[in-house]
Amino acid sequence: MAVRKDAPNLQLATYLDRLGWSPARLAHALNAVLGPGYVARTTVADWLAKGRIPRDPLPTVTAHVLANALGAEVPLTQLWGPGARPSRTWVRSDHGLPPPTAPGATVETATQWVTRDGGDMDRRNFLAVTGAALTGPAFTTATASPAPPVPTASLRGPLITPAITDSIAATVDAVRQLDDAEGGDRSTIRHIHGYFTLLAQYVRAGRFTTPATRTHTINLWAQLAQTAGWMAMDAGQHGLAQRYYRTGLTAAHASADPALTSHVLGCMTYQAITLGRDRDAVALANAGITAARSGPPAVRALASARHAHAHAAIGDIHGMRHSTQEAQAHLTHPDAHATRPPWLYWLSDLKVVTGQTLITAAFAGAPGATRLLEEADPLITPWLGTHAERTEDRDALLHGTWLARSYLRRDDLEQTLATATSLLQYAATVRSAHVKAVLLDLEADLARRRDLHTHPDALELRTRLKATASPA
């Protein structure tokens, strides 16, 4: 740790004052990005009092965390002085990527993945962005006209034929099944990253037998980017997820597929809600609605469902109800199931999606929270029951845990214990960081109840939840 000449660090103190943050609050925010225990409160206090410049990547990550919290740029040299240098290993999720609708954006994006992000996935860590950096490209992609023909690069590479593209399509479908079965963690992401980079090489080289084969391959790359983004989000790697999603927007635009663009925007909406960036979520959901306007009914239904979820996250009951009704109307269209794109195979009804949206609204403090939670029960409970259709363990554990949290919110301890205990059977096969975070939220809910501090069944459940959600 180097010592600056001009101590203390008054600029850092000013930013913390504007946010109302203590040194401990900044340390907590940094540890949320870098890992538990990475930075101590006393270390931050030392930066403030003695003007010390921390080692890489802390200068960059600190500036990024403050910028996201403030909603404004925090220049690195302004925060730390002229001696500060940006990190080479920690960069923004959009670093080096062109605007999704710019001429040649697909090839340039593919080049970034091949030359900088391919190979060893530990080479760079991506910092999730927020605000205009996230929503601006989303709106541009949603409203832009279909992309012109993709320029052919002059690099050497294999000649991609329709048969090769068919093989790629089978791989993309297999990756979706992998996500359904195991979700996202470091091992599954490493597995699909190799395929993703290979397709990036094909797109970059630009050697296709026909224009249709080129468009199909780029569209498959967009589909794979969406699944990879979902898996990275599931693993808690939100910056990497955003980079995949941004690539998906670019490739979907290049292959003139607004329906897929809407789907990617819907995934980004869900991620923003997960990160507590509710205003970003509403903006992304609006973009998703715009992109879906020319899509088939099921695509429009999903876009409206994500829109409802975003409004639920800000406690807007009217917006949630209106968008839920629109989603149901689209999905009851006679052609809704027959015209679904292949990647929307899982959308057969909206019961669980709507139930989760209702729970989200209640936990966001919407009026009539208890009524909303009661309304969610019959939408989720049958789906989890013994006579329900086969559901993937990850989804059962995720939505079931939210249901258990909703029972506790209504002071129904018996149902809380019964629901949560029955769900733990799924935990052995679920490695999702996202689901484990929800399990820990339930444990925290129980811990906050003083009347349960000596309750034997509640204490046993807390112990099991912590053991299940602990890092492998």
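**Before you click**

This is a predicted model, where local features need pLDDT of at least 70 and side-chain atom pairs count only at pLDDT 80 or more, while totals for chains, interfaces and linings use all residues. Residues are numbered from 1 along each chain as its sequence is written, and side-chain values use heavy atoms, with hydrogens and water left out.

**Stop 1: the whole chain**

Show the cartoon: the chain has 21 helices and four strands, with helices (H or I, at least four residues) and strands (E, at least two) taken as DSSP runs numbered from the N terminus. The radius of gyration is 23 Å, close to the 23 Å that the globule rule gives for 472 residues, so the chain is as compact as a globular protein of that length. That radius is taken over C-alpha atoms, and the rule is 2.2 Å times the number of residues to the power 0.38. Along its principal axes, the C-alpha trace spans about 70 × 70 × 40 Å. Colour by accessibility next: buried residues make up 53% of the 472 (buried is under 20% relative accessible area, exposed over 50%, partly exposed in between, with a 1.4 Å probe and protein chains only).

**Stop 2: aromatic rings**

Select W113 and F196. How are these two rings arranged? They form an edge-to-face pair, 4.8 Å centre to centre with 75° between the planes. Rings of Phe, Tyr and Trp (its six-membered ring) pair if their centres lie within 6.5 Å; planes under 30 degrees apart count as stacked, over 60 as edge-to-face and the rest as tilted. W113 belongs to helix α6 (residues 105–117) and F196 to helix α9 (residues 186–205), 83 residues apart. W113 is buried at 0% relative accessibility, and F196 is buried with a relative accessible area of 0%.

For a charge to sit over a ring, NZ of Lys or CZ of Arg must be within 6 Å of the ring centre and within 35 degrees of the ring normal. Elsewhere, the charged end of R409 sits over the ring of F363, 3.9 Å from its centre.

**Stop 3: the second largest pocket**

Select W346, V353, W383, D395 and H399. Of the 40 residues lining the second largest pocket, these are the closest to its centre. The volume of this pocket is about 1,200 Å³. On a 1 Å grid over the protein atoms alone, a pocket is an open set of points with protein on both sides within 12 Å along at least five of seven lines, a cavity is a set where a 1.4 Å probe fits but cannot get out, and lining residues have an atom within 4 Å of a point. Points are joined across faces, edges and corners, and a volume is the space filled by probe spheres set on them. The pocket lining has 18 nonpolar, 10 polar and 12 charged residues (Ala, Val, Leu, Ile, Met, Phe, Trp, Tyr, Cys and Pro are nonpolar; Asp, Glu, Lys and Arg charged; the others, Gly among them, polar).

**Stop 4: closed spaces**

There are three cavities of 30 Å³ or more. Which element gives the most to the lining of the largest cavity? Highlight α11, which supplies four residues.

Move to the second largest cavity, with about 60 Å³ of space. Here α12 gives the most to the lining, with five residues; W343, R306 and H263 are among the lining residues.

**Stop 5**

Most residues other than glycine have a negative phi, and most peptide bonds are trans. Zoom in on D56 and P57: a cis peptide bond joins them, with omega about 10°. P57 is in the loop between β2 (52–53) and α4 (58–70).

Jump to A256, which has a positive phi of about 55° although it is not a glycine. A256 is partly exposed, at 44% relative accessibility. Finish at D411, in the loop between α18 and α19 (413–423), where phi is near 65°. D411 is exposed, with a relative accessible area of 57%.
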